[in-house]
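Open the model in your viewer and keep the selection tool ready. We will go stop by stop.

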Amino acid sequence: MATRTIFIAGAGIAGMTQALALAKFGATAIVLERHAGIAEAGAGLQLGPNARRVLNHLGLDRQIAERSFVPTGIDIYGFRSKAPIQTLQLGTTIADRFGAPYAVMHRADLAEILRLACRRFANIDISFGIRAYDTIQHARGLSVEIEEADGRTRTGRPFAFVGADGVNSPTRTNILAGPPARFDGTVAWRALVDLDALKGHIADDRVSVIMAPGFHAVCYPLAYRNRLNVVLFAKSPAKSGTVERDEPKLPWAALRSPRIDAILAAAKGSWGAWPLGLVDTPRWHEGAVGIIGDAAHAMPPFQAQGAAMAIEDAAALAPLLMSESTAEAAFSAYEVQRRKRVRRVTQTSAANGRVFHMEWPLTVARNAVIRVQGPRGHFRRLAWLYDHDPLQDPLHATQRLP
């Protein structure tokens, strides 16, 4: 197979996973990053078995195991319930069922693992401080013009250009003429607190989901950093795209929740407000240019699958870019393989948000259903999600990553 050069915009989780997947097939991957270094936004990250399986294929199992934590379960609380309505089993049980663990970790730790892995490949180059990039498609193929941090420009003639440049992707909006991200009014307030700051309120070996009228909270341990990741999701009149140090603005509730009050007190003064952008674009590619991850399909975070979908995208696209005769054919096959699945994950995530934010009396029926489904109900409900392997998809004509 002739060596192919692929340019990738963005050195985030999507972009570096794409570079590693391509390098495994012998491609030369040139990653263009506008920041001066790796800069992952946010804090905690949940990796379901589907995402972990791909990362294991890339040889990262040991490194992730060292920096991540495998929770024993997910405690689901009602707004004022003293005990969990249900504890969904994770730990070794879900690993045995789906062939890979369910883990939580800091986003920056995963980014660092990917960066170090990329450094081991001579056929991966990450250029930082890139001011801008543009593409020109012509009869002889694809040309890319790059403006460096010092103002100088250079050009390249890659086989393909992959936009892994996030929710506000210039590749989507400038090169593919796609829509900007849409802000639906949801804000994530994130904070890191000491691991024992919520002792007696939140278990330190499990994920906790606290459902509330019009909002919800998610907490889980980042044991490698001795911190507890805390996120509150609610509608708020924040300006799209801004990130601010701000105290949570939660919907009014007639009664107080001791658990929510404890979370607010523990994280007071350390919150960051992150308006969430959603992306639904009709065009994932044109010619030799395509997009992956949040650039193509940023989704609600209520199934904790945003990063996982980007990781799956990279694994699905890499062998296609190395086996198809043209980049256009590779991107077309990738979109056929991925779009329906991503749409289903997006719909599931949005539905979860509605369930988490229900108000009384709908919560009575909701809580009863959660109890009846049992501690392994999610194994049946989410088998389609966690069993998936993009390299074994029936639409995929190539083999597992080497």
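This is a predicted model: local features need pLDDT of at least 70, side-chain atom pairs count only at pLDDT 80 or more; totals for chains, interfaces and linings use all residues.

Residues are numbered from 1 along each chain as its sequence is written, and side-chain values use heavy atoms, with hydrogens and water left out.

**Stop 1: the cores.** Select Ile-8, Leu-47, Leu-55, Leu-60, Leu-110, Phe-161 and Leu-321. They have the most contacts inside the largest nonpolar core, which has 99 residues. (Such a core is a set of buried Ala, Val, Leu, Ile, Met, Phe, Trp, Tyr and Cys residues joined through side-chain atoms within 4.5 Å; buried means under 20% relative accessible area, with a 1.4 Å probe and protein chains only.) Now show helix α9, residues 306-323. This helix gives the most to the core: twelve residues. (Helices are DSSP runs of H or I, at least four residues; strands are runs of E, at least two; both are numbered from the N terminus.)

Next, centre on Leu-47. Leaving aside neighbours within four places in sequence, its contacts (heavy atoms within 4.5 Å) include Leu-55, Tyr-102, Met-105 and Ile-311.

**Stop 2: a sheet.** Colour β8, β9 and β10. They form an open sheet in that order, with antiparallel pairing. (Strands pair if DSSP finds at least two bridges between them.) β8 (132-138) and β10 (153-156) each have a single partner strand, so one side of each lacks a neighbour in the sheet. β9 (141-147) and β10 share four bridges. Find Val-144: it stands opposite Gly-156 in β10.

**Stop 3: the cysteines.** Which is the relative accessibility of Cys-118? It is 3%, so Cys-118 counts as buried. Cys-219, at 0%, is buried too. The whole structure has zero disulfides (pairs of cysteine sulfur atoms within 2.5 Å).

How values were computed: Buried means under 20% relative accessible area, exposed over 50%, partly exposed in between (1.4 Å probe, protein chains only).
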